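Here are a few notes to go with your first look at this one. Have the viewer open as you read.

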Amino acid sequence: MKNTIRFSMLLAVSLNALAQDVPAECNLRKEPLLNDVSLRGRTPDYFFKPIWRTGPSDTRDEMSVIIEGANYTMNMRDGSTRQIPGPYDGVPTPDGQFIVIPTMNFLDRNGVSMGSQMINENEEGRLDGVYHSLGVLNTVPGPAGSKQVTYRGITDTSTGGSNLMYKEYTFKISGEGTKTLLSTSGEPKELCSNLGTSIKTPILSKNGKLLSAYSNTTGTTIIYEVVQVGGRSECRVKKDMGFATSKMEFSPDDNKVVFSMNSLPTTPSAVNWYAQPPQDSHNMNVFTYDFGTNDLTRISNQTSGNAYYPSFDSDGRSVVWMSQQVDDNGDENYSVRRSRVSDGRSMDFVDFSKVRGCDLTSPNVVKLMALGKLWESVCSQNDTKMSASALGTMSLAMTPENCRNLVNNNWENFKQSTGMAEEYIGADLGNNGGFTDEDSAKYMQMFTALSKADVLTTCTGGAATPTPSTAAPDEVAAEVAAPAAPATGASPTVSSCVGCHDGSGEAPAIPFDKPAELAPFKKQMLLQVMTGNMPRMMNLSPQQREDLIGYLRSIPDPKDQKKEDDE
Amino acid sequence: MKKFALAILLLSQMAAAIPLLTPKETYNSFTCKKKITELEKNWGAVGEWKGHVTVEGTMGLLKRTNKFAHWIVVEESNGIETATLMNPGNAQKVVFDKKCKGTLNLYAHNQFSNQKGVNDTKLLKELMNNQKGIIGLWSPGMQHSASAISRIEKVAKDLKLPVLWVMDPFASDKVAKDFLKSRKIASVEVRKNSSLELFYRDSTMHYPAFFVYKNGEIKGNVFPGLMGESQYRDTITTQLGK
């Protein structure tokens, strides 16, 4: 377990983080962090929202944060901050036009400062309460670039004895950005009237039609649809997450949610996981959930300190969160981090726990393991051995160029080194990997037979964009000539299919190395990929899945192929 | 080396997707569920399974037992299914092989190193010493904690209930002391949560929050979020009446 985490870390390590005496080819891909903005030693509160952009021409990159008991906006480019009204909870509207502070006081986001006036200062029938959030119900374009926008705001008004309440606000926003409150829906009304006081820490979705909240009845976080029944607001369960999470934020299109939750290891391995958090491995990480694909995706992978209080960016493609780092003295430092949800490279994670029916002694897996062990031998600075899954997926963490250099520069020495064989199998491939003695013998036999050219075939760089090869012509030739390499022109993702489908394991044999013979498998392969059942060895980004489906579709139909053959 | 690893860990980010299964689907996905069911009985499982995401990002399950601070965790990782009885003293982890033959591994904890915190021993003592009471969870990172402390203490005083205040384990002692001092809150001590029972009851998801207890047992799920005085009173009274 620990080693798998370590692999995750390796996948993401910064190029510059490796010590100077490690060869350049050991450097792994850059981590997909887009930003890491330090809070410069200050301790933030647990409130933390990106202020979304108002449109394509809006280049601002700001967060609304609470620092030491006061609201601020923070520039994500340089970390500078500016204080704004209110002691807490400056919630930006989804269209980036307002920052709304309790009790539903709308501040114009443009030029917001300590002197800013509330735009709805004279509003009657205030929506009191805490934990406010807002969605955009409707936008009507008007003349000269103006528009009318209707927002739904909700709060938990348990301070007044009832539960969730809502109210709607229509503003006119002129072409120049001047904002005027036109009307409201009147007195606050009860939200989710069918649920009473059972739901807590609610957040409204960006279109105002979904709601995430913790249910005290089930002890889980639930996403509800907000509907009107007989003039009353009711909430119907859309998805019960099955576990409790932090407050859950929605993506701009309301198709995904992001949240943080605990990681609670069950193997303490001499650490005291819950007695001295957060120095130990009990901590929080950021996840997204996609309603369309039912995918739960881990975005952060901190094993010390926490990654929490996440939100989506306005483009919906990246997530920002607060990262807490703890040094050896137990001192904490905080930063704001941003990462792509669907980074093509960061998604190249082989979850071996899902590999069923894939024989770890199949030729391609043995090659992948060998590359991993080579990297560990030459490059690793850690004391512990890497796990089977870490070894088998190292190729995904390497650039093709560094992979080739690593193999070309070190393979022969590695293979001839004393004790290499014992090292190679290692504890992780023994009992923990479910290996029998027979498996181990077969494994070692195959490993011993591997040549440099064999291992070079693993240097595909996973599903990453291919980079120009700097290898010598004979090495390139060796790669192309290797029997198990995917065919030229195939989707790079196909390389991950070869390991299980080469006929040596339980998975059905598919001749990926012979595209001309793939036609009979086309329909079944498309079905498996389009339903998300395959490939099991990697989690594809939407783009990767699209590319793979495109490639599979490009395979001639069996009938077409018959025609071609006849002609 | 360890410092190096820590530095890297702190930098690391990654994404890995898994299908979100319901607790029932997750349970049914286990090959060794018959053996798991036997263990459940032996370990005194109580109530329904709850979902749980493992350290490696796979779906797992949690269930409480009839013993205080004893929780069952069922997981699958690297193709290996395990069932673990977590308790303050140790983790009894049964690792199943391909034929669902289980091997028991024991991992000792050292919970008592954190004497300043609220560990399970201290928590149980509190629960046994009082017939009923409130466990308040607070964090200096959440501004509403100050209001919650004030309101819960007032309600508790009216209802003659003791309150055990437990702090966010991830907050700094110094920041916590400054928070309490600046808000003139003298009744609350800086004592971090280090209780397995509270962790598995989702006590770290949001602050402020609270539990109520009666006859040595925590009643129901956590109540996260700030409430008004009247709702605190109603909720606490209702929970204690159950």
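1. Start with the largest nonpolar core: out of its 138 residues, A:Ile99 and A:Tyr224 touch the most other members. (A nonpolar core is a set of buried Ala, Val, Leu, Ile, Met, Phe, Trp, Tyr and Cys residues joined through C-beta atoms within 7 Å; buried means 20 or more other C-beta atoms within 10 Å of a residue's own, with C-beta atoms placed from the backbone.) Strand β11 (residues 164-173) of chain A gives this core its largest share, six residues.

2. Bear in mind that this is a predicted model: local features need pLDDT of at least 70 and side-chain atom pairs count only at pLDDT 80 or more, while totals for chains, interfaces and linings use all residues. Residues are numbered from 1 along each chain as its sequence is written, and chains are lettered from A and ligands numbered from 1 in the order in which they are written.

3. What does A:Ile99 contact, leaving aside its neighbours within four places in sequence? Its partners include A:Ile51, A:Ile84, A:Val91 and A:Leu107, where contact means C-beta atoms, placed from the backbone, within 7 Å.

4. There's also a second, separate core, with 19 residues. A:Met369, A:Ala370, A:Leu371 and A:Phe447 are among them.

5. Over in chain B, look at B:Ile18, which sits in strand β1 (residues 13-19). B:Ile18 counts as buried because 21 other C-beta atoms lie within 10 Å. B:Thr58 is 40 residues apart from B:Ile18 along the chain, yet their C-alpha atoms are separated by 6.8 Å.

Key: Buried ≥ 20, exposed ≤ 12 C-beta atoms within 10 Å, placed from the backbone. Helix = DSSP H or I, 4+ residues; strand = E, 2+ residues; numbered from the N terminus. Contact = placed C-beta atoms within 7 Å.
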